[in-house]
Amino acid sequence: MLIVDVEKRLGEFAVATKFESESGVTALFGPSGSGKTSLVNMIAGLIAPDRGRIMYRGKVLFDAAGKVNVPPHRRRFGYVFQDGRLFPHLTVQRNLEYGRRRYGLRRDRAEMERVVGMLDIGHLAGRRPGTLSGGERQRVAIGRALLMQPQLLLLDEPLASLDASRKAEIMPYLERLRDETGVPMIYVSHHAAEVRRLATAVVRMESGRVAAVGGLELLDGAPADLSA
Amino acid sequence: MTLLDLTPDEWVAVRLSLRIAAWATIVSLPFGIAIAYVLARKAFWGKALLDGLVHLPLVLPPVVTGYLLLISFGRRGPIGAFLADQLGIVFSFRWTGAALACGVMAFPLLVRAVRLSIEAIDRRLEDAAATLGANRGLTFLTVTLPLALPGVIAGMVLAFAKALGEFGATITFVSNIPGETQTISAAIYTYTQVPGGDAPALRLVIVAVVIALAALVVSEWFARRAGTRLHGG
């Protein structure tokens, strides 16, 4: 479904990656600085690779040789950033509706209630992001990405900025996300435990390259936290 | 309050000043925001030149700026002649010319304030908007501009205050014609040049102070409101 074959120089560091992923949750698993976020940004269209191709469901999103580069606002990939990046000037409700409005989707109350209920954020609707806790913020960020009805969801270490108890708070929501929505996901993490709970496939990355592609067996013997 | 009993002529100068400053601020606002955005976000050949050009009125003697406006936007100046013939817009010795002079003089202040506030915005929020389906124009309108609003307001107030007090460039470009180009500043200057002009000059000085204070208070209120909107509450 998603086919990525890209190269990108970032100063001294280079990302040269090739992998394919099917539906379900594909974990990009590797230590900090292994190029995971750069790779996700290339998939999202926020940075352009130097060489290579990115395809999704048979559609070319990026092709250096053919000079194709679909801009992020036409890829329709939901992106949950490590730091949430909610719009500080908008209420939670307006944040949630932002993607739906930009993509010109009809207001769908049932969908809104389903997502808001799944993430348990209904009571936050009128608040501004500045007043939310870290965990609440990430849940709203997930909801915002879901409500644009993405064809693929990119989650870049959505738990990394949270402490242990907040992580435990979010994890069940991510599992429900996987089991109830059916949206394919790319999940970036350096935590073996997170990946083990969520992922259906694993792309193991090391210093900008794909070291291995496979199932959860790739986690066997990996330290619990690769950043340590 | 007899001190503030303005004569009809003085009222004319006050109203004219407000009108000129308001037009100068409002008309230059879209240009100011556009140039501030370009200077804050784009890298291009000639950027230093554009930056210098925008700031020129801040460092040039106002009389020089006024004279440059006179020879380019005057009736026989290349731009002035074109605008008069093609669009019927005349600047020389009209209040519109005073507004142009004030707008040019205030422009660097406007651009600076807006540019700083745009530079302070986390660009990653714009990336987030892009992944949520906003093209560049919509990203600017729904994220960048609202977040820059406190700076835009501050810039407008600075520009308005500058326009209200502008003297040198205005008097050089469009002279000092009561009822057409004689602003508060020009009127005060005129009164100080004639015997017995102290009282009317002082009345206008008080008006100028009141207007300036009111502008500051209003802008402070707006900026605080925008600030609380951004940082929770």
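Is helix 1 of chain A mostly covered or mostly uncovered, and how many of its nine residues are buried? In this predicted model, helix 1 of chain A is mostly covered, with eight of its nine residues buried.

**View 1. Helix 1 of chain A and the residue that follows this helix.**
The buried residues of helix 1 of chain A are A:K36, A:S38, A:L39, A:V40, A:N41, A:M42, A:I43 and A:A44. After helix 1 of chain A comes A:G45, and the phi angle of A:G45 is positive, near 95°.

**View 2**
When residues up to four places away in sequence are not counted, A:K36 touches A:L28, A:G30, A:V188 and A:M205.

**View 3. The largest nonpolar core, with residues from chains A and B.**
This core holds 120 residues, and those that touch the most other members are A:I43, A:L154, A:I186, B:A101 and B:C102. The element that gives the most to this core is helix 5 of chain B, residues 95–119, with 16 residues. Leaving aside neighbours within four places in sequence, B:A101 is in contact with B:G66, B:L69, B:E166, B:A169, B:T170, B:F173 and B:V174. In soluble globular proteins, nonpolar side chains tend to be buried together.

**View 4. Helix 1 of chain B against helix 5 of chain B.**
The axes of helix 1 (residues 8–41) and helix 5 of chain B come within 6 Å and cross at roughly 40°, which means that helix 1 of chain B is oblique to helix 5 of chain B. Helix 1 of chain B passes helix 5 of chain B in a right-handed crossing, and the residues of this contact comprise 22 nonpolar, four polar and four charged.

**View 5. Helix 2 of chain B against helix 5 of chain B.**
Here helix 2 (residues 47–59) and helix 5 of chain B pack at an angle of about 120°, and their axes are 8 Å apart; helix 2 of chain B is therefore oblique to helix 5 of chain B. The crossing in which helix 2 of chain B passes helix 5 of chain B is left-handed. From helix 2 of chain B, the residues B:V54, B:H55, B:P57 and B:L58 meet B:V104, B:M105, B:F107, B:P108 and B:V111 of helix 5 of chain B. Eight of the residues in this contact are nonpolar, one is polar and none is charged.

**View 6. The side of chain B that touches chain A.**
In this view, 19 residues of chain B are in contact with 21 residues of chain A. On the side of chain B, the elements that give two or more residues are helix 6 (123–131), helix 7 (136–165) and helix 10 (198–230), and helix 6 of chain B gives the most, with six residues. The residues on this side of chain B divide into ten nonpolar, six polar and three charged.

**View 7. Chain B as a whole, with ten helices and zero strands.**
The C-alpha trace of chain B spans about 70 × 45 × 30 Å along its principal axes, and buried residues make up 42% of the 233 residues in chain B. Among the contacts in chain B with a separation of 6 or more, 76% join residues 24 or more positions apart.

How values were computed. Residues are numbered from 1 along each chain as its sequence is written. Chains are lettered from A and ligands numbered from 1 in the order in which they are written. This is a predicted model: local features need pLDDT of at least 70, side-chain atom pairs count only at pLDDT 80 or more; totals for chains, interfaces and linings use all residues. Two residues are in contact if their C-beta atoms, placed from the backbone, lie within 7 Å. A nonpolar core is a set of buried Ala, Val, Leu, Ile, Met, Phe, Trp, Tyr and Cys residues joined through C-beta atoms within 7 Å. A residue is buried if 20 or more other C-beta atoms lie within 10 Å of its own, exposed if 12 or fewer, and partly exposed in between; C-beta atoms are placed from the backbone. Helices (H or I, at least four residues) and strands (E, at least two) are DSSP runs, numbered from the N terminus. Ala, Val, Leu, Ile, Met, Phe, Trp, Tyr, Cys and Pro count as nonpolar, Asp, Glu, Lys and Arg as charged, and the others, Gly among them, as polar. Axes are lines fitted to C-alpha atoms, for helices over the stretch in contact, and angles run from 0 to 180 degrees between N-to-C directions. Angles under 35 degrees count as roughly parallel, over 145 as roughly antiparallel, 65 to 115 as roughly perpendicular and the rest as oblique. A crossing is left-handed if the near helix is turned anticlockwise from the far one by less than a right angle, and right-handed if clockwise.
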